[in-house]
Amino acid sequence: MNTYTLLLFTATVLPLVCTPGPDILFVSSQALSGGTRAALRATTGVLLGYCAHSLMVALGLAAVVAASPILFEGIKWVGIAYLIYLAFKLIKSALQPGDFAIPTGQVRNQLYKGFLTSLLNPKGMMVYIAILPQFMDQHGAHPAMQPVILSAIFMFWCVVVYSAISIALGRIGKEKFTDKRRRQVDGTAGGMILLAAVFMSGAH
């Protein structure tokens, strides 16, 4: 995989990582209720859930590539359609003001709860399935390693973003995580995802 592909993948997934969702809300709630350490434990649990996702996706995509290149191409187009749908949802959310509250209840086992939060989040799995195939080269070498590399990049940015949130909210508080900020993130993420989907559809 070349550097350009990896940079484009980063530009596509980073807005998704930054978009408020179940994972970020859980990490944020633990930062506000239990401090930075609790939030970092929650982050570790979330990442373990993504590890399970990445393993399942890597094995599944490798099998599909080997068995049916046509089916793999179909999965890529379904993924593009999902990205466009997700982009419009984010843009719609950015245009709608509303109360944005972070739950502040602290759980006892942040690691286990974080693992379940990401593992059982269907949106997280769909994002994996929708995005990773767009950046895989079915004619390239070692197709089984490509989703592993992409998953590692995705989880790296999860570590960076979720750790930053853990430290910031653990020290500063929730005033930095307002509805206005949420709308800005949703709008920016939606626009970037839409551009990525349009670019990838033209590259087929």
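Helices (H or I, at least four residues) and strands (E, at least two) are DSSP runs, numbered from the N terminus. The structure described here is a predicted model: local features need pLDDT of at least 70, side-chain atom pairs count only at pLDDT 80 or more, and totals for chains, interfaces and linings use all residues. Residues are numbered from 1 along each chain as its sequence is written, and side-chain values use heavy atoms, with hydrogens and water left out.

Helix 2 covers residues 22–34, and Ser29 lies within this helix. Ser29 is buried, at 4% relative accessibility. Here buried means under 20% relative accessible area, exposed means over 50%, and partly exposed is in between (1.4 Å probe, protein chains only). The side chains of Ser29 and Gln30 are joined by a polar contact of 3.1 Å. A polar contact is a pair of N or O atoms within 3.5 Å; within protein, one must be able to donate a hydrogen and the other to accept it, and residues adjacent in sequence count only if both atoms are side-chain atoms.

Helix 1 has 16 residues. From its first C-alpha to its last, helix 1 reaches 22 Å, close to the 22 Å expected at 1.5 Å a residue. The expected span is 1.5 Å times one less than the number of residues. Several residues of helix 1 are buried, among them Thr5, Phe9, Val13 and Leu16. Thr12 also belongs to helix 1, which runs over residues 3–18. At 1% relative accessibility, Thr12 is buried. The side chain of Thr12 reaches the backbone oxygen of Leu8 at 2.9 Å. Leaving aside residues up to four places away in sequence, Thr12 touches Ile131, Phe135, Ile193 and Ala196. Contact means heavy atoms within 4.5 Å.

Helix 3 spans residues 36–67 and includes Gly60. Gly60 is partly exposed, with a relative accessible area of 32%. Gly60 and Pro147 are 87 residues apart in sequence. In space, their C-alpha atoms are 9.8 Å apart.

Aromatic pairs were searched for next. Rings of Phe, Tyr and Trp (its six-membered ring) pair if their centres lie within 6.5 Å; planes under 30 degrees apart count as stacked, over 60 as edge-to-face and the rest as tilted. The structure holds 3 such pairs. One of them, Tyr50 with Phe154, is edge-to-face, at 5.2 Å centre to centre and 85 degrees between the planes. This pair links distant parts of the chain, 104 residues apart: Tyr50 is in helix 3 and Phe154 in helix 7 (residues 145–171). Tyr50 is buried at 5% relative accessibility, and Phe154 is buried at 8%. Phe156 and Trp157 also form an edge-to-face pair, with 5.1 Å between centres and 75 degrees between planes. Phe156 is partly exposed at 46% relative accessibility. Trp157 is partly exposed at 24%.

The cysteines were examined last. A disulfide is a covalent bond between the sulfur atoms of two cysteines. The cut-off used is a pair of cysteine sulfur atoms within 2.5 Å. A search of the whole structure finds 0 disulfides. The closest cysteine sulfur to that of Cys51 is in Cys158, 9.9 Å away, so the two are too far apart for a bond. Cys158 is in no disulfide; its nearest cysteine sulfur is that of Cys18, 9.4 Å away. Cys158 is buried, with a relative accessible area of 0%. Cys51 is partly exposed, at 36% relative accessibility.
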